[in-house]
Every structure is written in C-alpha cells, then in structure tokens.
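Welcome! Please take a moment to look over the sequence and the 3D view, and then read on for a short tour.

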Amino acid sequence: MSDWLRFTLPAVVAAVASPAYAVQYLSIDAAKKLAFPSANRFVENGGLTWKAHAGDRLIGLFVVDHVIGKHLYIDYAVALNPDGRVMRVDILQYRESYGGEVREPGWLAQFVGKTSSSPLKVGSDIRNISGATLSSLHVTEGVKRILATYGSPTR
Amino acid sequence: MEAPHASIRRARPLLGTFVEIAAAGKTVDALEAAVEVAFAAVATVHRRMSFHETDSDVSRLNRGAAAGAVRVHDWTYQVLEAACDLHRRSGGAFDICVATALQRLGLLPEVPALSSPAPRLPSLTTSGERDRAVHAAIELLPEHRVRFAHNAVAIDLGGIAKGFAVDRAVEALRRHDVPDGLVNAGGDLRVFGPLNHVIDIRDPRQPDRPICRITLRNAALASSAGRFDPVHSRDALDCSVIDPATAMPARWTSGASVCAPGCMIADALTKVVMNAGEAAAPILEYHGADALFVSADGRVHMTANWKNEVHLAA
C-alpha cells in the first residue's frame, strides 16, 4: 500500500513573477509547405491569406489568423481545399504571458517571416507543462469564422 | 545533406484542447511524416469518442444503445472495457456515466435524445451498489457491440479518451521508429525514449504559476484541475471533474497529477484521486502509478516512492 507524504504550501502570492510559457511551432512559410506539399506557388490573396497553386491548378487556400486574450496569444493557420473544406489546422505560435507584452508590435515581429531553420531544442529552452486543462475553444471559434469568410469554393 | 538527428514540435487543436507532439532523432522529413500519422491517430480518437460530434461512437451509443446493441470502433471498445474495469476497481470513483451531471452544470451541451426526463437510478446512491449499476448499465457484448440497460444511461469519455489518444499517438511514433518523443494533450502527456523530460505542473489554484517540476522518462503524466482559459483570466475556472457520489464537481481536491506507465490509465486515475484523495492508494498501486494532489486547504499529498522525481516550487 502506498504511503503518502504531506507538505504545506505557502499561500498563493499574487505578486510572484511567473515565467511566460511560449513555443514557436512553425513559421508561416513552413506551415504553408506542410499543408500543401505539392504547391509550387503561393499567391497573396489579401490579409494573411494565400492561394496555393500546383502548376496551373488551384489546390487550396491558406489562412493565418490569431487569438489574442488578456494572457494569451495564439497564431494559427488553416488550410482549406478548393471546395472550402478544412484540411488541417496548425498552431504556429503559442504564448501565455502575464506581463502585457503580448500586444507589443515588436514582439509580433519576432515571428512574422521567421523561417523554420531556427533549431528547436525539445525540453531545454522550451518547457512542457501539465495542469489545468487549457481550452482550445477560441481557436475552434476562429476556424468557424474563417470558414464563414472563406468556406465557399474558391476559383 | 539533412541532419539525421533533428527535432520538431507541432501543435493542433484537437480533443477540445491543444495537442502537442514533439519528436526527435531522425531527419526532419521522417519526423514530419511520423508526427502526421500520430496526429491522425488523435483525430480518429476525437472523431470516435467526442461527445460533441453527432456521428461519434459516443453520440451513437447515447442515442441508440438503450434500444439495442450498437457496434463501435475497436478503440472505443477498448476504452469502454478499461473504463468499466476502472469503475469497478475504484469503487465507483471513476465513472463515465456522468454525462447528465455535466450537462446539468452546463459543461456538456444538451442533446435532445438525452434531455428527456431521465429516471434517477436508485442504485447510484451507495458505492457498493454503484459497482453493479455500471455493469448492469453498460453491457459489453462480443464483436464490439455495446448495449445500455435503459435510456437514462449517458456516457462521456472526456475523463479517459485524451489519455488513450496520447497512447495511440505514441504508438504511431514508435511504429515509425522515432527514438524520442513527447505527446501532450492539454496536460495529459507521455514521453518515450532515452531522454529525461522536464514537466512543470501548474498550481491548480493559480495556473500561471508552477507548483512543482517533475522529471519524466518513458512514462505518462496526467493532471486534472479547474479548466484554464488565459484568453479571459489567469485564474482557474470551475473544476469539470464530477464526483459520481454527489453528481457535483469534486470539491475538496483542487488538483491532481498521476504518473503511470500509460497515459489512458494516468488520465483516468486523476479523476479517482480528485474524488477519493488518499483512499486512491490501492488502485494507484495496482496500476504501478504515483500521484500528487492539492487539497482545498493547500496541502500537497504525494505518494512516498515518487519523492526523488518531484521538485516542489519554492
């Protein structure tokens, strides 16, 4: 039978500076290529959207959007096929922040146009986290918005 | 020439949370291909076991299994078998028949077929009778067919399917000879390979603060606590773990983490620990699992043989 150890934790101190939790998963360029491996051309379509072409053929639409909250920034990409159906959704960048730097444009510039060549060391500079279940509801709602805007067949 | 020992990390919104897969030790192309198959396995679990998808096995069972046997996917059947076994061994502290309680609390949507007046089961009142109630309520028949005893039975696999999905994703990565990896479904995670992985556990009372750091190797770690939505607030929301004995959210435990060889068992055992506290010791031991939980008064309780792997935050 397992024995239990018991500790008393100090009361929660609101002033403790918490480490931000942030991961860059994919650059926009890398996500485009993963979503449309056969594409040889991405044509800008206004805003952060691109039409993917394989030769003369349109093979889909690539849309980048974000969720910004009080303590959260998520950049994600949605790949739609020409029928307007979602093929895949990738999280490009995830950041929980508690200092307010999320809304700073300088910080946004850190990943816009960044390439996938920057190496990513798993488990050292980026930590894994477990605990309260994170809701992905806002991204799901974002994908629905994108479908409402771009979900009809593209030509 | 591509580096043969690259590492990648990808994330997608699945299972109502963010599923993150990291893989290392092969070329980038080989890793991308393996991660794609692993995400496909998670997506299959999502499609089959989501309460929200109308054509999932879970929705088909909740609509029709009281009227006659319903055939389900092999994976759904495996999860149901494990869930019934966990229910029995936990004395009812783990229960997939909490869907109506979750609906009443607004944590699951109302489904027309389920919102018809449901007779309360008198046998759900004492833990001894609950054992028999689930076996009477969910019949697992040959050829992956499942039947419910009456139309008041409604299941939700939210307390076990995430862990099962993590196990299937790990299986896919290993099948593709990925030597080292991590799959994390919103905090229910499993690592494999020769490397140690450092995991921060959020303080259930203040999720932006870590409560401890755990070194994990070839094992799974799952956590349950209040939900956390940093879009709106840094505070944890109400807990969505239901105590089957009261049909209300677990109250006296604010968060629990369980380490086990597999993630499905770790995921399910967090609910047992949330509801039973230290009384979960026998079932933890049966599954070779360790646990820590934070009681509502702020005390941390941890199984003794885990002490070398856990570093409490100062």
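An axis here is a line fitted to C-alpha atoms, for helices over the stretch in contact, and angles between axes run from 0 to 180 degrees between N-to-C directions. Keep in mind that this is a predicted model.

**Two helices in chain B**
- Helix H1 (residues 28–49) of chain B meets helix H3 (residues 74–89) of chain B, with axes that come within 10 Å and cross at roughly 70 degrees.
- Angles of 65 to 115 degrees count as roughly perpendicular, and H1(B) and H3(B) are therefore roughly perpendicular to each other.
- On the H1(B) side, the contact is made by B:Ala41, B:Thr44, B:Val45, B:Arg48 and B:Met49, while H3(B) brings B:Trp75, B:Thr76 and B:Val79.

**A serine in a strand**
- You can find B:Ser254 in strand E14 (residues 253–260) of chain B.
- Is B:Ser254 buried or partly exposed? B:Ser254 is partly exposed, because its relative accessible area is 21% and buried means under 20%.
- B:Pro204 is 50 residues away from B:Ser254 along the chain, yet their C-alpha atoms are separated by 6.0 Å.

**Confidence in chain A**
- The pLDDT of chain A averages 73, and 64% of its residues score at least 70.
- Over residues 13–19 of chain A, pLDDT stays under 50, and the model has eight contacts beyond four places in sequence for them.
- Residues 99–126 of chain A also have a pLDDT that stays under 50, with 38 contacts beyond four places in sequence.

Methods: Residues numbered from 1 in each chain as written. Chains lettered and ligands numbered in written order. Predicted model: local features only at pLDDT ≥ 70, side-chain atom pairs only at ≥ 80, totals over all residues. Heavy atoms only, no water. Helix = DSSP H or I, 4+ residues; strand = E, 2+ residues; numbered from the N terminus. Buried < 20%, exposed > 50% of the residue type's maximum accessible area, 1.4 Å probe, protein only. Parallel < 35°, antiparallel > 145°, perpendicular 65-115°, else oblique. Contact = heavy atoms within 4.5 Å. pLDDT = per-residue confidence, 0-100.
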